[in-house]
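Take a look at the structure below. A short report follows it, built for quick reading.

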Amino acid sequence: MTQEAANAALMGEFIWVTLAGLAAGVLFDAYFRGRGRQLRRRLRAVVRR
Amino acid sequence: MILPRPSVRSQRRLTRGMQVILVGIVAYGVVFGAPKAITNGSMGLLITFVPALLERKYDFPLDPWLGLWITLAVFLHTLGSAGLYAQIDGWDHITHAMSASLIAGVGYTFVRAVDLHNDEIHIPTRFAFVVILLVVMSFGVIWELFEFGLDIVADTTGISMPLAQHGLDDTVRDMLFNTFGAVLVATFGQAHLLGVAETVKDRLATAD
């Protein structure tokens, strides 16, 4: 494999890694936002009691 | 760990010196019809005014080291684009380490500002070290993809681009020097960037 081909293959890996990172970011963000909302709801319910 | 701090006067003198050289590069580009020198030189010149602009317009004074650091990173890259990348083997490594340290600085400032701003979030110093490394390495991947994209555009259109990749060895070496820059900031950043982070925190508090 030439240097150029190996570099292109590495860039292909980098593209997948970046996409995976973006997807993970969106997923974590949604999860923590959801958890935050749930926590606030439960806290409000406890305070009302 | 604290580095010796240059005076504001020395910082201004050094910045002016670099700006004069950048004007020289733009002038060279205009006289000899080198579009790369004009675009890189002008962009570099504009960025060197950012620290002064932040201070005057937004009342956001930067540590003299930080101002000099931003200017020097841009200056070295512009000199590289003007010909030193091709002439000096290690130039690319110096600029990568400098730019990476700048990205690390921005990453550190952001993390520390969040830490100071929100009472529920505590980021220990050792964890900040890891965050800096991750921010820089991730940005390094994005940067390499950007260069790769420019290479594809240059190959397809035949237009010469200001940046290019030079094979696998070059990519790996770039990332190695990115990490080196990140380690430098992770070691010295605490002392020099805390003031900036506190200013960002105050701005966040005002925005709330």
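## Model and fold

This is a predicted model. Chain B holds seven helices and zero strands. Read from the N terminus, its elements run α-α-α-α-α-α-α.

Chain B has 208 residues, and 41% of them count as buried.

## The contact between chain A and chain B

Chain B brings 11 residues to the contact, and chain A brings 10 residues. Together the two chains bury about 950 Å². Carbon and sulfur atoms account for 72% of that area. Three residues stand out on the chain B side: Leu145(B), Phe148(B) and Leu168(B) supply 49% of the area that chain B buries against chain A.

Three residue pairs are in polar contact across the two chains, with both residues at pLDDT 80 or more. Two helices of chain B, α6 (125-157) and α7 (168-207), each supply at least two residues of the side that touches chain A. The most comes from α6(B), with five residues. By class, that side of chain B has six nonpolar, three polar and two charged residues.

## Ring pairs

Over all chains, the count comes to five aromatic pairs. One of them joins Phe28(A) and Phe32(A). Their ring centres are 6.3 Å apart and their planes sit at 15 degrees. Planes under 30 degrees apart count as stacked, so this pair is stacked. Phe28(A) and Phe32(A) are four residues apart in helix α1 (residues 3-48) of chain A, which means about one helical turn separates them. Ring pairs also bring in Tyr31(A), linking Phe28(A), Tyr31(A) and Phe32(A) into a cluster.

Phe177(B) and Phe180(B) form another aromatic pair, with an edge-to-face geometry. The distance is 6.5 Å centre to centre, with 80 degrees between the planes. These two residues are three apart in helix α7 of chain B, again about one helical turn.

## The salt bridge

How many salt bridges does a search of the whole structure find over all chains? It finds one. The side chains of Arg33(A) and Asp29(A) meet in a salt bridge, 2.9 Å from N to O.

Both residues lie in helix α1 of chain A. Arg33(A) and Asp29(A) are four residues apart, about one turn of the helix. Exposed means over 50% relative accessible area, so Arg33(A), at 52%, counts as exposed. Asp29(A) has 39% relative accessibility and counts as partly exposed.

## Buried residues of chain B

Helix α5 (residues 91-117) of chain B contains His93(B). The cut-off for buried is under 20%, so His93(B), at 13% relative accessibility, counts as buried. Leaving out residues up to four places away in sequence, His93(B) touches Arg173(B) and Phe177(B).

Met98(B) also has its place in helix α5 of chain B. Its relative accessible area is 16%, and Met98(B) is buried. Which residues does Met98(B) contact, beyond its neighbours within four places in sequence? They are Trp69(B), Leu72(B), Ala73(B) and Leu76(B). Phe177(B) comes up again here: Met98(B) and Phe177(B) are 79 residues apart along the chain, while their C-alpha atoms are separated by 8.7 Å.

Pro51(B) lies in a further helix, α3 (residues 50-58) of chain B. Pro51(B) is buried, with a relative accessible area of 8%. From Pro51(B) to Leu66(B) is 15 residues in sequence and 8.5 Å in space, C-alpha to C-alpha.

Key: Residues are numbered from 1 along each chain as its sequence is written. Chains are lettered from A and ligands numbered from 1 in the order in which they are written. This is a predicted model: local features need pLDDT of at least 70, side-chain atom pairs count only at pLDDT 80 or more; totals for chains, interfaces and linings use all residues. Side-chain values use heavy atoms; hydrogens and water are left out. Contact means heavy atoms within 4.5 Å. Buried area is the accessible area (1.4 Å probe) that two parts lose on being put together, summed over both. A polar contact is a pair of N or O atoms within 3.5 Å; within protein, one must be able to donate a hydrogen and the other to accept it, and residues adjacent in sequence count only if both atoms are side-chain atoms. Ala, Val, Leu, Ile, Met, Phe, Trp, Tyr, Cys and Pro count as nonpolar, Asp, Glu, Lys and Arg as charged, and the others, Gly among them, as polar. Rings of Phe, Tyr and Trp (its six-membered ring) pair if their centres lie within 6.5 Å; planes under 30 degrees apart count as stacked, over 60 as edge-to-face and the rest as tilted. Buried means under 20% relative accessible area, exposed over 50%, partly exposed in between (1.4 Å probe, protein chains only). A salt bridge is a side-chain nitrogen of Lys or Arg within 4 Å of a carboxyl oxygen of Asp or Glu.
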